[in-house]
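Open the structure in your viewer and keep the selection panel at hand. Each stop below says what to select and what is there.

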Amino acid sequence: MRRRSVLQIAAGAAATTPYFAWSPRSFAQEGNSKNDRRTIGVIGAGGMATGNLNAARQWLDVVAIADVDAGRADGFNKKFSDGKADVYDDYRPMLERDDIDVLHIATPDHWHTKPLVEAMLAGKDVYCEKPLTLTIDEGKLIRKVQKQTGRIVQVGTQQRSTFPLFVKALAIVNEGRLGKIRQVQAAIGGAPTSPSIPVAEVPSKLDWDRWLGPAPAVDYLHLRKDKATFTNCHYEFRWWYEYSGGKLTDWGAHHVDICNWALKLNGQTEGPTSISGTAKHPVEFKNGVPQQDDRYNTATSFQFNVQYPGDTEMIIRNDTRNGVLITGDKGRIFVSRGALQGQPVEDLANNPLPDDAIAKVYRNMPMEFNERKQHWANFLYCAENKVQPISDVHSHMEMLNVCHLAGICARLGRELKWDDSIEQIVGDDEANAMLSRPYRDGFAIEMG
């Protein structure tokens, strides 16, 4: 059978077949034939890309790798291509190659928007890691270009493809078991601090200027102390507002997403109206700008209250059990990566969900795997069939705007009023100026 016909059969089966139960020939077997495999170009060859390609390698051949760290690129090439893929220090030549079916962007956060926009304009479908943007205005551009080009973009929020936990929780919501939602809570943990990190010699295989890219030019910092590594580069970039949003966009991109999805599925579709709260930072801030440049600067502890129309609120906090708590006027449930709990869950023993409840939440798309592998299967299915994936850029930015607003609230230390219809902060010019950031000369987005 041809791949397209197999995928169409699988899509039809999803409406009536519980997850993980499929016909003998299904998406799992697609890619076994060399002619059925897709080619992929990888932008950013660190740990996240490694984990993703481990999950999806049965369907994909890595033919091109772009990374500003030659050591990472070479190691990735050996692991996934036996050293045969083309390696670049600049991703742009990959956009011009007709022999690349899809792209994967797994760079630091500040390097997501530019290659994603340019890839869509070049006619590529993309699996891009979360959080999709560094700012709210970047999200506006991504959504505009996606609508303009029609390209398929899956965001790497794989909780949307975790059936026994998060999708099942959302099915409980979708079936009305909680009633009207009064509160959603995203508990995402705190962030680390660092000592003063000294300027260090840039590793020989790292192009530091290109790693910084659109961000301001600064020195490379690195310290190894008590078996811990502190830096403003690989992995630890997420604790610097210059390149990320700390826990608010790192874990917030997962749990705030589930909160937002629950509200939307329950028919509570209006966006937030305000955000207030408190946050503690490891450095002093003035007018939203950190006053020290030699240590981590994102919020280490916080609690925010996001108000929605209809007397509904979202709480984002660091100090309780990691997970999502959804409270309605008929009951409440807690869901995390290790648990699904609450009276409405226990009630399923005597009043189970309809057979198609989870399939409906997953928009009747194939559900053969779980978590990260399923998320990739969904992306490849949607790229093949030209339908929106389960974690599309539009729903992602709806929730990521909340995370970014929390970051602005944290940095300025005051309540923000939000007009969701125009995506602007009301009556606060200083806060509105933080909806975007300038790109460094030489790293502007190339709009074609």
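Select helix α3, residues 70-81, which lies across β1, β2 and β3 and runs at about 170° to β2. Helices (H or I, at least four residues) and strands (E, at least two) are DSSP runs, numbered from the N terminus. Axes are lines fitted to C-alpha atoms, for helices over the stretch in contact, and angles run from 0 to 180 degrees between N-to-C directions.

This is a predicted model: local features need pLDDT of at least 70, side-chain atom pairs count only at pLDDT 80 or more, and totals for chains, interfaces and linings use all residues. Residues are numbered from 1 along each chain as its sequence is written, and side-chain values use heavy atoms, with hydrogens and water left out.

Stay on α3 and colour Ala 73, Phe 76, Asn 77, Phe 80 and Ser 81, the buried residues of the helix. Buried means under 20% relative accessible area, exposed over 50%, partly exposed in between (1.4 Å probe, protein chains only). These residues cover an arc of only 105° around the axis, so they sit on the same side of α3; the arc is that of the directions from the helix axis to the C-beta atoms. They pack against β1, α2 (47-56), β2 and β3, where contact means heavy atoms within 4.5 Å.

Now look at the two ends of α3. Asp 69 caps the N-terminal end, with a side-chain oxygen 3.0 Å from the backbone nitrogen of Gly 71. After the helix comes Asp 82, whose phi is positive, near 55°.

Next, show the strands. Six of them form an open sheet with parallel pairing, in the order β3-β2-β1-β4-β5-β6. At the edges stand β3 (86-88) and β6 (153-155), each with a single partner strand, so one side of each has no neighbour in the sheet. Two strands pair if DSSP finds at least two bridges between them. Between β1 (residues 38-43) and β2 (residues 60-66), which run parallel, there are 6 bridges.

Move to Val 126 in strand β5 (residues 125-128). Val 126 counts as buried because its relative accessibility is 0%. Beyond residues up to four places away in sequence, it touches several others, including Leu 103, Leu 116, Val 153 and Phe 379.

Which helix holds Lys 114? Lys 114 lies in α5 (residues 113-121). At 3% relative accessibility, Lys 114 counts as buried.

Conventions. A polar contact is a pair of N or O atoms within 3.5 Å; within protein, one must be able to donate a hydrogen and the other to accept it, and residues adjacent in sequence count only if both atoms are side-chain atoms.
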